[in-house]
Amino acid sequence: MPDSGTASEPQTTPATDLVAAMAETSAAVGERLSELLPAPDTAERRVIEAMRYSALAGGKRLRPFLLTRSAALFHVSPRAALTVAAALEMIHTYSLVHDDLPAMDDDDLRRGRPTCHRQFDEATAILAGDGLLTRAFEVVADPASHTDPSVRCELVRELAEAAGARGMVGGQMIDLMVERGIGAQPQDVAAITRMHQLKTGRLILFACIAGPIMGKASPKMRASLHAYGRDLGLAFQIADDVLDETGSAQDLGKTPGKDAAHGKTTFVTLLGLDGARDRARLLSDQAVGHLEVFGPEADMLRAVARYVVERDR
Ligand code: GRG
């Protein structure tokens, strides 16, 4: 039975405490991912097991949280929002699986477990990433994500742009070119900012605008969440650079210190640790400032903007 795109069912009572609210979303999105990625008893089962291994390994589920909370501002059906959030998390997970491959970042640890290619094998990990990416679009195109086909079409287009060569894939390409000395890439704050706005920022931005798209919000409200998502995405990445320098493998669930080991230019090498922290806080404050059009119903989005720069994992 398809879900309606707008509220036709009771909204769940939002938890007031951010940690509890994030845990609640994490559990809900994990369940939805499990429903959307059933493992059949057929020959192709291995690739679906690898998709489930990576997608159900936890993680902060920040993008689903942003998506479901911004959708709630416009009384979007919680189940529909969770469906789109699960699709977004599939794309995020695919990017991690492929980023961990030997041809890219070559990592052994992700979300506190062996990376997908370590647990299975390289070819299976490539196929698992491909499977997650394509399944995500199948899910968003299905009426369960929204009753209005024009809204589904807009979600697909926005998500493709965010994930593709003018978004995350393009940012990853620039990052690899810088790291491997392909072409003469500038390595100043402006260039690193643009690279991260594509690589990390675009999926976070999608998480913040999917709700207003689903809720057919006014251009003003959509623009506010767009600006919030843009600043938050960059704040998140700067905090990630800081954590790569200061965090432990146990807290992060991934290998720290990789940027320094690869001699990478990051916000920390450009601004110093304190300068990077200050810049992240400034962007977080700016993100919160964009929410002034909303009342207390946006308090969780304000709280998560602060969490993003103060987190330890
Ligand atoms: C392979 C097309 C392709 C893209 C890879 C996102 C990405 C692009 C690579 C990941 C490398 C990386 C560590 C980027 C820094 C920021 C980032 C996206 C961290 C991982 O996201 P979290 O912290 O992860 O939200 P969890 O596990 O909590 O979901």
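Q: Is Phe294 buried or exposed in this model?
A: This is a predicted model. A residue counts as buried under 20% relative accessible area. Phe294 has 6%, so Phe294 is buried.

Q: What is the relative accessible area of Phe74?
A: Buried residues are those under 20%. Phe74 is one of them, because its relative accessible area is 11%.

Q: How many aromatic pairs does the structure hold?
A: Rings of Phe, Tyr and Trp pair if their centres lie within 6.5 Å. By that rule, the number of aromatic pairs in the structure is 2.

Q: Which kind of pair do the rings of Tyr53 and Phe120 form?
A: Look at the distance, then the angle. The ring centres of Tyr53 and Phe120 are 5.6 Å apart. Planes over 60 degrees apart count as edge-to-face. Here the planes stand at 75 degrees, so the pair is edge-to-face.

Q: How many residues apart in sequence are the parts that Tyr53 and Phe120 tie together?
A: Tyr53 lies in helix H2, residues 45–55. Phe120 lies in the loop between helix H5 (116–119) and helix H6 (122–141). The pair therefore ties together parts whose separation in sequence, in residues, is 67.

Q: Are Tyr53 and Phe120 buried or exposed?
A: The cut-off for this class is under 20% relative accessible area. Both Tyr53 and Phe120 are buried.

Q: What is the centre-to-centre distance in the pair of Phe74 and Phe294?
A: Phe74 and Phe294 form an aromatic pair that is edge-to-face, with 75 degrees between the planes. Their distance, centre to centre, is 6.1 Å.

Q: How far apart in sequence are the parts that Phe74 and Phe294 tie together?
A: Phe74 sits in the loop between helix H3 (62–72) and helix H4 (78–99). Phe294 sits in the loop between helix H13 (267–289) and helix H14 (299–310). The pair therefore ties together parts that are apart in sequence by 220 residues.

Q: Which residue has the backbone oxygen that the side chain of Arg311 reaches?
A: Arg311 is in the segment after H14. Arg311 is buried, with a relative accessible area of 8%. Its side chain reaches a backbone oxygen at 3.0 Å, and that oxygen belongs to Phe236.

Q: How far apart in space are Gly272 and Val242, C-alpha to C-alpha?
A: Gly272 is in helix H13. At 27% relative accessibility, Gly272 is partly exposed. Gly272 and Val242 are 30 residues apart in sequence, while their C-alpha atoms are apart in space by 9.2 Å.

Q: What distance separates the C-alpha atoms of Arg230 and Gln197?
A: Arg230 is in helix H10. Arg230 counts as partly exposed, at 38% relative accessibility. Arg230 and Gln197 are 33 residues apart along the chain, and their C-alpha atoms are separated by 7.6 Å.

Definitions and conventions. Residues numbered from 1 in each chain as written. Predicted model: local features only at pLDDT ≥ 70, side-chain atom pairs only at ≥ 80, totals over all residues. Heavy atoms only, no water. Phe/Tyr/Trp six-rings, centres within 6.5 Å; stacked < 30°, edge-to-face > 60°. Helix = DSSP H or I, 4+ residues; strand = E, 2+ residues; numbered from the N terminus. Buried < 20%, exposed > 50% of the residue type's maximum accessible area, 1.4 Å probe, protein only. Polar contact = N/O pair within 3.5 Å; in protein donor to acceptor, adjacent residues only side chain to side chain.
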